[in-house]
Amino acid sequence: MSSEQFLNLENVLFTVAMIGYLAAMVLYWLFFVLKKNMVGKGADCFAAAAFLLHTGALVIRGIGAGRLPLSNQYEFATSFAWGICACYLFFLWKYKFRALGAFVTPVIFLVIGYAAMQSREVRELMPALRSHWLAIHVSSAIISYGAFGVSFAVSLMFLIRQGKEDSPFWQEHIPDGKRLDLISYRAVSLGFLFLTFVMISGAIWAERAWGSYWSWDPKETWSLITWIIYAIYLHLRISRGWKGKSAALFAVIGFICVIFTYIGVNTFLPGIHSYA
Amino acid sequence: MKKIARIVFSMKFALALLGILLAACLAGSVIPQGKEASYYLSEYSEQAGGAILALGLDDVFHCAWFVLLAVVLCLNLTGCNIVHFPSLLERSRNGFSPERYKRSGRAKELSVSGSPEELFESCGFHRLVRGTGGDGKEYIYGVKNRAGIWGAWLCHLGMLIVILGFGLGQMKQVSFAVYGVPGQTKTVEGTGYELTIDDFAVDLRPDDTVEQYTASITMRDTATGESRSGQTSVNHPATLFGMRCYQNSTGWAATVQVWKEDRMIQEEVLCAGEYMNVEDKEGLAVMFAAFYPDYAEGEDGMPGTASSKLQNPAYLYRLYYRNEILGMNVLGAKEAITVDAYTIIFTDSQNYTLIQIKRDPFTWLAAIGAAIVMTGLFFAFYLRTAEVYAERKEDGSWSVSGYSRKGGPEFEDQLKQSQA
Ligand code: HEM
């Protein structure tokens with residue numbers, strides 16, 4: 001296949017996946033409003049199907065470009081959306097917690113929508129970007145950000161849940177506060193472990209490419225800010241009395257920082273990561 | 001004294017420190033760093049600019065209070081780890097036993113019919129202890145992932161080492177930049193070494209983009225005469241005499257010749273941006289201002305290049321006499337500058353390479369710290385310490401319970417599900 005054919009196939013898969021996510025989002029919301037299990041199941045199916053198509057689009061792009069599709073703003077955005085969906089489906093499978101979809105799919109849709117606005121041109125990489133460490137760095141970022149996306153959604157639910165504990169729908173479909181807190185904690189731990197690795201692998205790459213493993217470049221600094229916020233979350237959860245609401249608030253702020261680190265830093269602040 | 005220590009080593013204090021660190025990072029990423037004082041005064045209002053300078057926010061990450069913050073954070077981490085060490089050691093030695101478990105009274109009881117052993121095995125408890133308690137009751141006890149209790153401690157230790165390694169590195173690291181064209185030898189200031197650039201290659205792809213820059217270099221110890229060679233390319237630095245040599249950047253160089261009456265009287269290789277003094281004529285200097293490998297005039301009449309291929313070289317020069325500019329122009333490959341009796345020509349354009357040479361004697365320390373942090377995090381999050389306990393009731397059936405601080409309701413669910 002020529003590179004143009006690869007690109008066309010990728011475009012088709014990407015667009016259908018995006019529509020799939022949109023449909024899943026609408027169905028999850030309907031599930032919330034109509035409180036019908038069938039609708040929720042349908043939403044799960046759409047989310048899973050969209051995820052498969054999305055995976056296909058990424059694989060096709062990878063084959064067409066002859067490398068991992070993790071190198072420019074479009075590729076990272078689409079992979080980021082993929083990571084959130086992968087983490088969501090994992091948590092759905094593990095905790096059977098469907099209502100979470102109503103909160104996660106909008107995030108997925110926003111991120112993939114952002115990807116859709118970026119240029120999809122496949123470009124050769126400049127020498128500094130041709131590094132295994134960079135590929136490891138970005139792949140772990142996807143998992144980390146995906147997990148934080150899930151914790152964001154769970155924490156939002158936690159915050160919204162208060163006062164609705166008695167509603168039968170919430171009781172049936174949404175875990176109690178203790179469990180929500182635990183699920184959010186699990187997602188944050190996964191994200192935090194990987195974020196730490198993102199920073200370490202990034203430092204190794206920076207050392208090899210630029211000669212300095214940490215140079216307080218805005219993107220590095222913002223990943224540290226995100227990391228500190230989640231570290232505060234972890235400690236708040238441990239210290240008695242803070243568990244729950246305040247920790248949930250930090251998980252929400254943490255994810256806003258994730259988004260800013262990813263989109264805002266490139267847009268508003270200068271640095272060596274700006275070409276990404 | 002004890003009271004102060006209790007505050008300084010507390011988690012609340014740690015959270016306050018992390019909060020300040022957060023604020024410092026925010027300031028450091030939003031305010032441009034390391035500029036002249038005048039920049040802040042003109043870019044911000046006079047008061048804001050003054051405040052930025054007074055608080056050291058123009059160079060947050062190196063200012064005194066930031067260093068102090070790092071030191072206090074290290075003290076806090078050390079103290080926290082020292083304070084918690086004895087109790088952790090005690091817990092890991094004696095904390096997990098059927099007696100303690102029973103005394104703790106934390107367990108929520110689940111009733112099971114049949115043998116609890118299978119249930120425990122299926123939940124990952126493989127080494128079970130059987131016995132009879134002081135009250136004459138038969139029990140089965142199991143514990144898993146005991147190492148997990150060390151997770152946070154390891155993570156804190158690792159952080160401490162990372163900060164230490166980074167801080168020492170900042171103090172002790174040395175860095176030099178050497179640039180030149182193949183064949184040139186330059187001294188690496190203050191180290192007693194000389195660097196020779198043996199070769200420099202730019203690999204282009206068919207579409208004219210750069211695949212890789214590779215320099216072959218030799219470092220020579222001028223005291224002993226010993227020399228070592230290596231290759232450095234982007235993302236693959238060479239290590240010679242314990243120093244890391246990075247292929248950092250590249251640019252264009254040219255050979256500049258000065259002729260007088262059909263005789264070449266001076267020849268030097270200049271990199272774009274450099275100048276040379278004409279030795280024969282005091283006060284006369286020529287600067288190699290810019291290079292165009294494939295010269296083409298832009299629409300605005302300004303000089304430019306059509307591609308990065310070397311096919312139609314042109315040189316932008318400036319000529320000075322006693323620091324006054326005499327003239328500037330673009331010179332084609334076969335053209336020359338004539339001043340008085342002198343003819344100056346530019347020739348043999350080629351790429352020069354800039355090699356960054358660095359030695360940070362503490363990178364390894366930060367790397368070890370980072371590995372410990374990762375291990376600690378894995379222990380803290382995924383080795384969830386858990387205990388199970390079963391006691392034979394009078395009717396012969398077993399009452400079963402389990403506890404996991406980190407597992408929470410999930411662990412109880414797991415026990416219940418396995419039982420079902
Ligand atoms: C940059 C600094 C720090 C990082 C990255 C960090 C990281 C962590 C992590 C990952 C955990 C485990 C959380 C969990 O299992 O959910 C933890 C727990 C803890 N941290 Fe920190 N921490 C830092 C600073 C501090 C400091 C300075 C103190 C000192 C008072 C402290 C006190 C604690 C305590 C008491 C725990 C609970 C230990 C336990 O559950 O056994 N932390 N920390």
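**View 1. Surroundings of Ser216(B) in the predicted model.** Ser216(B) touches Thr196(B), Ile197(B), Asp198(B), Asp199(B), Gly230(B) and Gln231(B), leaving aside residues up to four places away in sequence (contact means heavy atoms within 4.5 Å). Strand β7 of chain B, residues 210-221, holds Ser216(B); strands (E, at least two residues) and helices (H or I, at least four) are DSSP runs numbered from the N terminus. Ser216(B) is buried, at a relative accessible area of 17% (buried is under 20%, with a 1.4 Å probe and protein chains only).

This is a predicted model, in which local features need pLDDT of at least 70 and side-chain atom pairs count only at pLDDT 80 or more. Residues are numbered from 1 along each chain as its sequence is written, chains are lettered from A in the order in which they are written, and side-chain values use heavy atoms, without hydrogens and water.

**View 2. The iron atom of the ligand.** His235(A) and His156(B) coordinate the iron atom through their NE2 atoms at 1.9 Å (donors are N, O and S atoms within 2.8 Å of the metal, or 3.2 Å for Na, K and Ca; water is not among the atoms, so sites may look incomplete). The pair joins two chains, because His235(A) lies in helix α8 of chain A (residues 218-238) and His156(B) in helix α8 of chain B (residues 151-172). His156(B) is buried, with a relative accessible area of 17%.

**View 3. Helices α3(A) and α5(A).** Helix α3 (residues 73-95) and helix α5 (residues 132-161), both of chain A, pack with their axes 7 Å apart. Residues making the contact include Phe76(A) and Trp82(A) of α3(A) and Val138(A) and Tyr145(A) of α5(A).

Technical notes
Buried means under 20% relative accessible area, exposed over 50%, partly exposed in between (1.4 Å probe, protein chains only). Axes are lines fitted to C-alpha atoms, for helices over the stretch in contact, and angles run from 0 to 180 degrees between N-to-C directions.
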